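User: I am new to this structure and would like to go through it in steps. Could you show it and then take my questions in turn?

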Amino acid sequence: MTAVAVSELDLRQIEQFLYREARYADEHDYDAWEALWTDDALYWVPAGADAVDPTSQMSVIYDNRSRISTRLKQLRTGKRHSQSPPSSLRRVISNVEVLSVEALSGEVLSGEVLSGEVPDGQVPGGEVPGVEMRGGGGAETIVGANFMLAESRARGTEIWAGRTTYRLRVVDGEIRLAYKKVLLVNCDQPLPTLAFLI
Amino acid sequence: MTATVRGTAASMPRPDYATLIQSDRVHGSLYTSEQIFAEELERIWYRTWVYIGHASEVPEPGDYVRKSVGPQDLIMTRDRDGGLHVLLNRCAHRANLVCEDARGNSKSFRCPYHGWTYRNTGELIGYPYRQGYEGNGKLDLAMGRVPRVDSYHGFVFGSFAADGPTLAEHLGAAAGEIDRLARLSPDGQVQLNAGWLKHRTRANWKLLAENETDGYHPQFVHSSIFSVTGSPIAALYSDKSSAVTRNLGNGHSENDLRPEFRNFGEPMRWFGTTQARVPDYVARMREVHGEAAEQILVEGAPHVMIFPNLFIAEIQVFVIQPLSVGECIQHSTAVQLKGAPELNKRMVSQSIGSVGPAGMLLADDTEMYERNQRGVAMLQPEWLDLRRGLHRERVDERGLTIGTATDETAMRGFWSHYRTLMEAAA
């Protein structure tokens, strides 16, 4: 057996954060949801095969912090027709696992290396002087979870499901979201409109 | 078995298209009738030229990619001599699907059901246990093939009819718009190799085809994103715009935005940037095109709907795939221009933001298509009006009908051609 992951974040704290993020998305609380993200955020919903380069291949969503802001501003206008009226949403998150803890330099402090989870050039920068920084402000906790989501709107009810990878960081004593990748089980199939926050 | 037998399509009276399609209005049943959809498959999708795929998706000998036209599952292949083939994904033995992979490279396809094997040209190579048939291992069977396949600047089209107009005749004036797109590549080559988004849409395919060059809707459907980003696109489709809507004939149409871009005269404005931000690209274009480069860089990319299923929207390409009278799939990707790496990543990024299921533009278009499909099911007033701009249409120097940026000239052209095809003899 490998050693227990070294992290300042315990699983209960992590779960509480994931549930809160999910609730803000379900309830279209755009301000609260936006405040969870770090400045170097990345929000990615791949299309088709998992291992594509999102800078050269199409994705369903590939938002940096600026585009997350644009997406939310559009939703807040109330004239984003595909979310006006907004979908009624509820999601369940399960199988929450801490996959690894990495220093911001990319050094793995515990757990497995998740090569390929962050595209080239998107790894958050910052000089990190080694293992003293493990956990907390100098590290990212990489978390995997499964989800199922029911969406209801006039068009009908859709069931969405998939695997989410999160990168969590502690900033000023709060857990923040630096990266969220949502790999839909049916990402290689035709998808209906996905205009809510998944 | 039930005692009642439903009338077959052959025994039902044919719809009277001359009544359903008039010069200033079309009937709602065109979007809701199962019978009309069945006739469209026969008379449009399985007869006229339809877009299938792009040569850049199968660059090497042996490459293949799965494609679709309506409900038909196709395999586009490149043989060892570089020739393109479009096969129907169906075994000649028991009609199983021969190929399950989305793409790959192979000289042959082996049906997983009984092991029948075909060359990537569709020819039957062999089958297991050859003594089970007379003829010493030879059978006069092959995979189905789209009989006519032709391409233009790598855009591969097919026709399920053995005879008919050539691709050049079908494209007509629309060919010039594909030329304009290809010319934006310093190497003169478009590539569609950035992968595809597939957007399931509960609407009749014609609502999409009509919307692609409808310059009336953007200010309303897309006001949310235009207002947030301060996009200059809104002005292109305003009542004051100098852009024109052009009926290119054969059901093709365009929103010609060049008059607006010429007014500004700024290279790369069409791409929402300046030449200073893409210096290598503009330098290469000037090297290749000399003085003609200015015009190319100012006028930018076309916004053209090629009947019935290919839409080139400046930096995106869409393919419409009807599945049933009330459902279709929109396939979308970013244009990639060979020799223009500075532009290509931007085009992918901008396209991801705009198109597909979560696109900040297309999700709202699609919401409109789906609401429109519910609307056409309402009993009254039966008709969809097509009169906008009819009183101010003009004929341009090429003899093509044009209207203003927000006029329904394109839709009238679409329906005129549609009616011709649907009224044709079986």
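Analyst: We can begin with a term: pLDDT is the predictor's confidence in each residue, from 0 to 100, and two residues are in contact if their C-beta atoms, placed from the backbone, lie within 7 Å. This is a predicted model, in which local features need pLDDT of at least 70 and side-chain atom pairs count only at pLDDT 80 or more, while totals for chains, interfaces and linings use all residues. Residues are numbered from 1 along each chain as its sequence is written, and chains are lettered from A and ligands numbered from 1 in the order in which they are written.

User: Over which residues of chain A does the model have 42 contacts beyond four places in sequence while pLDDT stays under 50?
Analyst: Chain A has an average pLDDT of 85, and 79% of its residues score at least 70. Over residues 1-6 of chain A the pLDDT is below 50, with ten contacts in the model beyond near neighbours in sequence. Where pLDDT is low, the predicted coordinates should not be read in detail. The stretch with 42 contacts beyond four places in sequence, where pLDDT stays under 50, is residues 113-137 of chain A.

User: Which element gives the most to the side of chain A that touches chain B?
Analyst: The contact draws 30 residues from chain A and 33 residues from chain B. On the side of chain A, the elements giving two or more residues are β2 (59-64) and α3 (65-76), where helices (H or I, at least four residues) and strands (E, at least two) are DSSP runs, numbered from the N terminus. With five residues, the element that gives the most is α3(A).

User: Why is one side of β5 and of β6 of chain B left without a neighbour in the sheet?
Analyst: Four strands of chain B form an open sheet with antiparallel pairing, in the order β5-β4-β3-β6, and two strands count as paired if DSSP finds at least two bridges between them. Within it, β3 (residues 63-69) and β4 (residues 72-78) of chain B are joined by six bridges. One side of β5 (84-88) and of β6 (103-105) has no neighbour in the sheet because these strands stand at the edges, each with a single partner strand.

User: Which residue is the bridge partner of Tyr118(B) in β9(B)?
Analyst: In chain B, three strands form an open, antiparallel sheet in the order β7-β8-β9, with β7 (108-110) and β9 (124-126) as its edge strands. Strand β8 (residues 117-119) of chain B pairs with β9(B) over two bridges. In β9(B), the bridge partner of Tyr118(B) is Leu124(B).

User: Is the crossing of α10(B) and α11(B) left-handed or right-handed?
Analyst: The axes of α10 (residues 279-289) and α11 (residues 292-299) of chain B come within 8 Å and cross at roughly 135°; axes are lines fitted to C-alpha atoms, for helices over the stretch in contact, with angles from 0 to 180 degrees between N-to-C directions. A crossing is left-handed if the near helix is turned anticlockwise from the far one by less than a right angle, and right-handed if clockwise. For α10(B) and α11(B), the crossing is right-handed.

User: In which loop is the place of Pro381(B)?
Analyst: The peptide bond from Gln380(B) to Pro381(B) is cis, with omega near 5°. Pro381(B) has its place in the loop of chain B between α13 (362-375) and β21 (383-385).
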